[in-house]
Amino acid sequence: MKIAMVGSGYVGLVSGACFADFGHDVVCIDKDQSKIDALHEGIMPIYEPGLDALVESNVKAGRLSFTTDLAEGIKGASAIFIAVGTPSRRGDGHADLSFVHAVAREVAENLSNDAVVVTKSTVPVGTGDEVERIIADSGTSHKFSVVSNPEFLREGAAIGDFKRPDRIVIGAEDEFGREVMREVYRPLFLNESPILFTSRRTSELIKYAANAFLATKITFINEMADLCEKVGANVQDVARGIGMDNRIGSKFLHAGPGYGGSCFPKDTLALLKTAEDYDSPTRIVEAVVKVNDSRKRAMGRKVIEALGGQDAARGKKVALLGLTFKPNTDDMRDSPSIAIAQTLADAGAKVAAYDPEGMEQARPLMPQVTMCENPYEAIEGADVIVIVTEWDAFRALDLARVKELAKAPVLVDLRNIYNPEDVRALGFTYASIGRS
C-alpha cells in the first residue's frame, strides 16, 4: 500500500519510517526544503534513538522517500496522513489548527484517487468534521473518508512504541475508512496488537484524555513529594506502595520538577479550552496545569535555598546538568529547565549548563545561560550542582572529580537519581525531591 505522510517532524517522520519498515511504500512530504534536503542526506531533523538507522535502511530498500511536492507525493496513496504541528495558539491557548486546515485544502485540491485522509496530529474534538467539510466543499469526485488515528509515542522510545503499541485507536465513520486502516495496520494486527475502533470524535478525545490523565499522575506524585518532605516520608517508597496497586500502576509516578515536552503542556491546555467551549469545566485538569506551572519556578527556589537564600544567591555559580524535558530527546518545549534557569537568573545567580543533545535548541531559549562542552566544565567552580534531566551520563558522574572541581560540594538532585547516603558519605550536601 502507498502511504503519504504530510509533515516530516517528530510524529510524521517516526510514523512514516515505521510504516515503511512494515513494508508499505511511504512518501514523507514537507514544505521545508531544507528539512527534505537534509533527510535526503541522511540528516535527521530531530534526535530520536534508532531513527537514523531506520530511515537509512528503508530509503535503501526503496520503501521510504521524501519530497516537498504534495500533489506528486499523495498521487496513488490509499492513506494520506496529516501529521503537522498543532501548537497552542497565542492569546487564547486553543490548539492552532491552521496547518491542519491548510493541508486538508491542499490535499482536496490535488486528490487524484480514492483515499482515506487520516489526522495523526493531536487535534481537538470536531477537527475531523471540519477536515471532512473542507474536502467535500472542494467538489472532488473521488471517494474519501476522514479518519482519526492519534499517536501515543513517547519521545526517546518512539520506535518501540510504534512497533509494539499498547493500543491503536482508529476513529472512523464508515466502512471504507475502517477497511483501509485495517490494511495500514495489518502487520501489527498479525502481532495481536489491540486495535480499538471508535467514532471519530471519540478517538480525538481519547488522545487528550490520556495525556491529561498522565499529566495528573505526574502532578499528583509531585505534590506528594512536597508533603513527604514536610512529614519526613520517602516519596519513592510512597510511589512504589501505591504503584503496586494494579488499579493505579507504577508508570508516571516519578517525582520531579514538573512535566514538559511537546504533548502534555499544550494538550492539557487545549482540553481545558475545549471543555470551556462546551460549558463543561474540567477542574481537575485546570488544577494540574496551574500546579505544574508553579512547580517549575518552585524548583528554582529550591536551588536558591541550597545557595543560602535569595540574598546569598547573587553572584553564585549554578551548574545545571540536563536541559531537555526528559532524556533521550532534544526537545526543549516547556522544559522545566527554562523556568528554573530564569528563576536563578532573576536571583542574580550565574548559570552554566550542559545537555548531551539539547543545547542547540536551548541556546535561543536561555540567552542568560552559559552552555558548556561537558558536565565537568559546567561544574567547575560551581556553588551548587543541579540534576535537572536524568540522562544516563549523569548517573555515572565521577563524584570524586565533581567534588574536586566544584567550589562547594552541594548537589540538588531534582530527579532522585542518586542514593542520599552514598552521596553524603562522599562529603556532599545533598537535597532531593520528597526524600530526607
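Me: Hi! How far is the sulfur of Cys 263 from the closest cysteine sulfur?
Reply: The gap is 16 Å, to the sulfur in Cys 18, and that is too far for a bond. This is a predicted model, where local features need pLDDT of at least 70 and side-chain atom pairs count only at pLDDT 80 or more, while totals for chains, interfaces and linings use all residues. Residues are numbered from 1 along each chain as its sequence is written, and side-chain values use heavy atoms, leaving out hydrogens and water.

Me: How many disulfides does that rule count, then?
Reply: The count is zero disulfides, where a disulfide is a pair of cysteine sulfur atoms within 2.5 Å.

Me: Is Cys 263 buried or exposed?
Reply: Cys 263 counts as buried at 17% relative accessibility. Buried means under 20% relative accessible area, exposed over 50%, and partly exposed in between, with a 1.4 Å probe and protein chains only. Cys 372 is buried too, at 4%.

Me: New topic: in what order do the strands of the six-stranded sheet come?
Reply: The order is 11-10-9-12-13-14, in an open sheet with parallel pairing. Strands (E, at least two residues) and helices (H or I, at least four) are DSSP runs numbered from the N terminus, and two strands pair if DSSP finds at least two bridges between them.

Me: Which strands stand at the edges?
Reply: Strand 11 (369-371) and strand 14 (429-431) do; each has a single partner strand, so one side of each is left without a neighbour in the sheet.

Me: And how do strand 9 and strand 12 pair?
Reply: Strand 9 (residues 317-321) and strand 12 (residues 384-387) are parallel, with four bridges. Ala 319 sits opposite Ile 385 of strand 12.

Me: What about strand 5, which of its residues are buried?
Reply: On one side Ala 115, Val 117 and Thr 119 are buried, and on the other Val 116 and Val 118 are, so both faces are covered. Strand 4 (residues 79-82) runs parallel to strand 5, joined by four bridges, and Ile 82 is opposite Thr 119.

Me: Last one: at what angle do helix 5 and helix 6 cross?
Reply: The axes of helix 5 (residues 98-110) and helix 6 (residues 127-137) cross at roughly 30° and come within 8 Å. Axes are lines fitted to C-alpha atoms, for helices over the stretch in contact (heavy atoms within 4.5 Å), and angles run from 0 to 180 degrees between N-to-C directions.

Me: Which residues of helix 5 meet helix 6?
Reply: Val 100, His 101, Ala 104, Arg 105 and Ala 108 do, facing partners that include Val 131 and Ile 134.
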